[in-house]
Amino acid sequence: MDLNNNFIDLHTHSNKSDGSFSPSELIRYAASKNLAAIALSDHDTMAGIKEAIKAAESENIRFIPAIELGAVYGKKEVHILGYVFDNYEAKCKAIDKALKNFSDKRKQRNLEIVERLRKDNISLDFEELEKESEGSSITRVHIAKALIRKNYADSISFAFEKYLSDDSKYVPEKSILVKDVMDFFKQFNFYTSLAHPCRYKLSEADLEKLIRDLAKMGLDALEVYHSSQQPSDSTMLKKLAKKYDLGISGGSDFHGSNKPDIDIGIGYGGLRVPLSVLSNMERDFLAK
Ligand code: AMP
Ligand code: MN
Ligand code: MN
Ligand code: MN
């Protein structure tokens, strides 16, 4: 793949959440693919950002600190990406402190999943899970891997199908509200984008309502380009972005070997996010 240095990826995960690459491996991989810029957007944590900044300096690739936060909207869980375009070093301590609220809720939810599994005689050691991912966000992918180790499943996808899907009896819904997430982002001047809008399986009218509500809360952009979205989805989302005066973001949602079919920069193969997407986001951020 030759991406000619004109393409970027603004949605990736490292092993600080449910990706398989360390932050520096991720940056080196992005550089090896000729990407012009990359954002690391782990779930609920910015624990990988410092390492990524360092690696990006030596690889000569533009790096944007980011995060992906999940929240409940009605009966659905939606994900919102936040990008830091100013003063990351100065505010990172305060950001990490504020994020503790979200990571505590994640921990409670994981404990509840493990407890519900235990009641059905499926026993996992939560402390062991925590130990192996010290300082990282533990996600359902980690629980899936623990189920595989204990022979309750033979693949991550099987573990999700049988035990860990959103509507599984073992999985309580998230307790963080969209407003909490938007307030957090506003407090630290993040540039925000609704992640993979087509993944929520909403009707056209409900998707538009979600976008309208989020725009009122200060949302900046829609993730128009994403591995899971077809060109026709992107066209539809571009129209909605225009209608609600929102910007455009894009990324693959790379998770390394935890989602082996998705590659950095290109998703399932056809994804391309032009560098102009990032320039426009920054232009809009500065004009805010
Ligand atoms: P959590 O944030 O703990 O609810 O975990 C959700 C994560 O699981 C998401 O970020 C996805 O990346 C991942 N995930 C969901 N479904 C699957 C699946 N079928 N296979 C692999 N990963 C999945
Ligand atoms: Mn994930
Ligand atoms: Mn997501
Ligand atoms: Mn993601």
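Asp253 counts as buried in this predicted model, at 4% relative accessibility (buried means under 20% relative accessible area, exposed over 50% and partly exposed in between, with a 1.4 Å probe and protein chains only). Residues are numbered from 1 along each chain as its sequence is written, while chains are lettered from A and ligands numbered from 1 in the order in which they are written. As the model is predicted, local features need pLDDT of at least 70, side-chain atom pairs count only at pLDDT 80 or more, and totals for chains, interfaces and linings use all residues; side-chain values use heavy atoms, with hydrogens and water left out.

- His11 lies in the loop between strand E1 (8-9) and helix H1 (23-32) and Asp253 in the loop between strand E7 (247-251) and helix H10 (275-287), so the pair ties together parts that are 242 residues apart in sequence (helices, H or I with at least four residues, and strands, E with at least two, are DSSP runs numbered from the N terminus).
- His11 is buried, with a relative accessible area of 0%.
- Between the side chains of His11 and Glu68 there is a polar contact of 3.1 Å (a pair of N or O atoms within 3.5 Å; within protein, one must be able to donate a hydrogen and the other to accept it, and residues adjacent in sequence count only if both atoms are side-chain atoms).
- The manganese ion (ligand 4) and the manganese ion (ligand 2) are separated by 4.6 Å.

**Manganese ion (ligand 3)**

- Glu68 (OE), His79 (ND1) and His196 (NE2) are the protein donors, 2.1 to 2.2 Å from the ion.
- Their spacing in sequence is E-x10-H-x116-H.
- Glu68 lies in strand E3 (residues 62-73) and His79 in strand E4 (residues 76-83), so this pair ties together parts that are 11 residues apart in sequence.
- Both Glu68 and His79 are buried.
- A separation of 5.8 Å lies between the manganese ion (ligand 3) and the manganese ion (ligand 2).

Terms used: Donors are N, O and S atoms within 2.8 Å of the metal (3.2 Å for Na, K and Ca); water is not among the atoms, so sites may look incomplete.
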